[in-house]
Amino acid sequence: MAGNTASTTANGWNHAQANCAIGDITIDRVVDMERLAYSAKVMLPTADEAELRRLAAEMGSRIIDPETMSVSLSFHSYVVRTPKHTILVDTCCGNHKERPQRVDWHRRDGPFLNNLRARGVEPEDIDFVMCTHLHADHVGWNTKLVDGKWVPTFPNAQYLFAEVEYQHWIQQQAASDEPILHGSHADSVLPVMESGQAKLVAVDHDIETGIYFQPAFGHTPGTIVLHVDGQDAQAVLCGDVMHHPAQVVHPEWSSAFCADPIQSAKSRRELLDRVAGTGTLVLPAHFLAPYYGPVERDGEGFRTVI
């Protein structure tokens, strides 16, 4: 599985540039934060330590540190550009958000918008913002702080939220005396609803021909993925259906942050079953290079094609 991070996969994903072309559709990875380490016992509580050490030797200490037994994640978005639309998928952690329980996310002043501009995209260019789910690290750049008020970052965009996901968190907030989701529901979701830019959609919503949602419940009750079908190739932008490439090898390992670990593992295996051997680019929200791209079957599990 180990490989050169500057490589290009057979179906066009360029690891050096973190982008690809699928026919007349381009997909670019836009980083908010790169390579944050988390305890494997916290992130993947059911993982076997001996197997993690084997994977560390195979993947390298940048991906799994065999000394600390930590796993590394990235926090990034994807920009999908079709001839008709520019779509931003997941909006990471955001700036200036109060996240005291998550020190890496707390009161940040990061370069995400400049990273977006480096891809040739201004905030005003975004037609749709699509959130695979509504956890704090997937909605943060939905809004920005202007004169003490949270306002939509992408003024011309329609924000697409799966209705089942949104309603779940509305119910959770109604039942709680404290802000939910580290406060992100209040500062990164509700302001978009109040602005009139949000649209609640079905879990099989089509943005345009070949760009469509599919349910992948488990991580949250309304998690969805975005399929991109080009002329001769496909990609699936799958958010937190998997957090780390170890879960490609062992789809039964759900993260500690999955609401329903059993359903999460089922959704993960079903997705991998669908795409294995097809050349489909699998683009999760937290993998480090070079572990995004096509997958193949490998015994009872799968492997990433580098």
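Colleague: Where is His182 in this model?

Modeller: You will find His182 in the loop between helix 4 and helix 5; helices (H or I, at least four residues) and strands (E, at least two) are DSSP runs numbered from the N terminus. The model is a predicted one, in which local features need pLDDT of at least 70 and side-chain atom pairs count only at pLDDT 80 or more, while totals for chains, interfaces and linings use all residues. Residues are numbered from 1 along each chain as its sequence is written, and side-chain values use heavy atoms, with hydrogens and water left out.

Colleague: Why is His182 called partly exposed?

Modeller: The relative accessible area of His182 is 28%. Buried means under 20%, exposed over 50%, and partly exposed in between, with a 1.4 Å probe and protein chains only. His182 therefore belongs to the middle class.

Colleague: What makes the backbone of His182 worth a look?

Modeller: His182 is not a glycine, yet its phi is positive, at about 60 degrees. Most residues other than glycine have a negative phi. Asp90 is another such case, with a positive phi of about 65 degrees although it is not a glycine.

Colleague: Where is Asp90, and is Asp90 buried or exposed?

Modeller: Asp90 sits in the loop between strand 5 (86–89) and helix 3 (112–118). Its relative accessibility is 3%, so Asp90 counts as buried.

Colleague: What does Arg107 touch?

Modeller: Leaving aside residues up to four places away in sequence, Arg107 touches His96, Lys97 and Glu98; contact means heavy atoms within 4.5 Å. Arg107 and Ser184 are 77 residues apart in sequence, with 13 Å between their C-alpha atoms.

Colleague: Ser184 takes us to helix 5. Which residues of helix 5 are buried?

Modeller: They are Ser184, His185, Asp187, Ser188, Val189, Pro191 and Val192. These buried residues pack against strand 7 (143–146), strand 8 (149–152), strand 9, helix 4 and strand 10.

Colleague: Why does the span of helix 5 agree with expectation?

Modeller: The expected span is 1.5 Å times one less than the number of residues. For the 12 residues of helix 5 that gives 16 Å, and its end C-alpha atoms are 16 Å apart, so the two agree. After helix 5 comes Gly196, which has a positive phi near 85 degrees.

Colleague: What about helix 4 and its length?

Modeller: Helix 4 (residues 163–174) also has 12 residues. From first C-alpha to last, helix 4 reaches 16 Å, close to the 16 Å expected. Its buried residues are Glu165, Tyr166, His168 and Trp169.

Colleague: Why do you say that the buried residues of helix 4 line one face?

Modeller: Looking down the axis, the buried residues of helix 4 fall within an arc of 160 degrees, so they line one face; the arc is that of the directions from the helix axis to the C-beta atoms. On the face turned away from the buried side, helix 4 carries the exposed residues Gln171 and Ala174. The cover over the buried residues of helix 4 includes strand 9 (158–162), helix 5 (184–195) and strand 10 (198–201).

Colleague: Which residues are buried in helix 7?

Modeller: In helix 7, the buried residues are Ser264, Ala265, Ser267, Arg268, Leu271, Leu272 and Val275. They cover an arc of only 165 degrees around the axis, which puts them on the same side of helix 7. Strand 13 (224–229), strand 14 (234–239) and helix 6 (246–249) are among the elements that cover them.

Colleague: What is the span of helix 7, and how many residues does it have?

Modeller: Helix 7 (residues 261–275) has 15 residues and reaches 21 Å, close to the 21 Å expected. Just after helix 7, Gly277 has a positive phi of about 80 degrees.

Colleague: What kind of peptide bond joins Ala289 and Pro290?

Modeller: That bond is cis, with omega about 5 degrees. Most peptide bonds are trans. Pro290 lies in the loop between strand 15 (281–284) and strand 16 (295–298).

Colleague: And why does Ile306 count as partly exposed?

Modeller: Ile306 has 33% relative accessibility, so it falls in the partly exposed class. Look for Ile306 in the segment after strand 17 (301–304).
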